[in-house]
Amino acid sequence: MKDASVLLVNDDGYFSEGILTLYEVLKKEFKTVKVVAPDRNLSGAGHALTFTKPLRIRQVDPDVYTVIEGTPADCVHLGVAVVFEGKKPDVVVSGINQGPNLGEDITYSGTVAGAMEGAILGIPSMAVSLFAREDFRFADASLVVLDLLKKVLKTGLPKNLYLNVNVPNLPYKELKAYAITRQGHRIYKEAVIRYRDPYGQPIYWIAATEFNWSSEPWTDYWAVAQGFVSITPLDLDLTNPAVKKGVALFR
Ligand code: MN
């Protein structure tokens, strides 16, 4: 296990506290830990892959790389192909994100997309987000990641299954058990804020003014709100589950 290789990615940028705290914790435990992350905050970038222009990689530290103008998915893709020289790491961890990724958030999330890209490449992968808006306890959440990584490295993950992990913002010892959850549901209160530019033209800012999700039991939001570490197993197959039972549409 000490020999394991870990690729770290995120969507907040290589300089963000969440990824750097995790990197410091993991590099003491595993032989190879490399960060390949965007050069800017790309929260909300989803799973975009850049294929209409070339990309450059800049090495900012012996084991820290950034893809200039690259998305989280680009970082995983180039991380494996270039930084790891085509040899797949044992695990991809995306995060720790500054803020949660719950319910429908996961479709916008660059953090989740980083893990999704890892799963597409056939690597056990997890996205990790911290359920907080301020006073982020990244060191505590890093211990959760370390514990989960040991389990994943020991037993692996089923093909096409990757993990969306959300950690309550609590001291490590106060965290409750791991709750295996399903994707919850966001109650949208997204605002479009309207301003005028200096020339009097209208400009708009899409902003989440409140965070609120449905609190149905055993959903991701319900679990973190109770102090559980929420683990939602996701699948690369996005087919609606009703189809497995058979469903007829359009008469
Ligand atoms: Mn983010």
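D147 is partly exposed, since its relative accessibility is 23%; partly exposed lies between buried, under 20% relative accessible area, and exposed, over 50%, for a 1.4 Å probe and protein chains only. This is a predicted model, in which local features need pLDDT of at least 70 and side-chain atom pairs count only at pLDDT 80 or more, while totals for chains, interfaces and linings use all residues. Residues are numbered from 1 along each chain as its sequence is written, and side-chain values use heavy atoms, with hydrogens and water left out.

**Salt bridges**

D147 has a partner in K151, and the closest N and O atoms of this salt bridge are 3.7 Å apart. A salt bridge here is a side-chain nitrogen of Lys or Arg within 4 Å of a carboxyl oxygen of Asp or Glu. Both residues belong to helix α5, 4 residues apart, or about one turn of the helix. K151 is partly exposed too, at 41% relative accessible area. Helices (H or I, at least four residues) and strands (E, at least two) are DSSP runs numbered from the N terminus.

The structure holds 10 salt bridges in total. Another one joins the side chains of K27 and E24, at 3.6 Å from N to O. These two are 3 residues apart in helix α1 (residues 17–27), so about one helical turn separates K27 from E24. K27 is partly exposed at 40% relative accessible area, and E24 is partly exposed at 37%.

What about a pair that links distant parts of the chain? The side chains of K150 and E29 meet in a salt bridge of 4.0 Å, N to O. K150 sits in helix α5 (residues 138–155) and E29 in the loop between α1 and β2 (32–38), 121 residues apart. K150 counts as partly exposed at 34% relative accessibility, and E29 is partly exposed with 24% relative accessible area.

**Pockets**

| Pocket | Volume | Lining | Classes in the lining |
|---|---|---|---|
| Largest | About 610 Å³ | 24 residues | 8 nonpolar, 10 polar and 6 charged residues |

A pocket is an open set of points on a 1 Å grid over the protein atoms alone, where a 1.4 Å probe fits, with protein on both sides within 12 Å along at least five of seven lines; lining residues have an atom within 4 Å of a point. The volume is the space filled by probe spheres set on the points.

In the largest pocket, S43, G44, P100, N101 and R133 lie nearest the centre. β5 (91–98), α3 (105–108) and β10 (202–208) each give at least two lining residues, and β10 has the largest share, with 4 residues.

**A nonpolar surface patch**

Finally, V243, V247, L249 and F250 form a nonpolar patch on the surface, with about 460 Å² of accessible area together. Such a patch takes nonpolar side chains (Val, Leu, Ile, Met, Phe, Trp, Tyr) joined within 5 Å, from residues with over 30% relative accessible area and no salt bridge. L249 falls in the segment after α7 (242–245) and counts as exposed because its relative accessibility is 56%.

Definitions and conventions:
Nonpolar A, V, L, I, M, F, W, Y, C, P; charged D, E, K, R; others polar. Patch = residues over 30% accessible without salt bridge, like charges linked within 9 Å, V, L, I, M, F, W, Y side chains within 5 Å. Areas by Shrake-Rupley, 256 points an atom, 1.4 Å probe, with all protein chains shown as cover.
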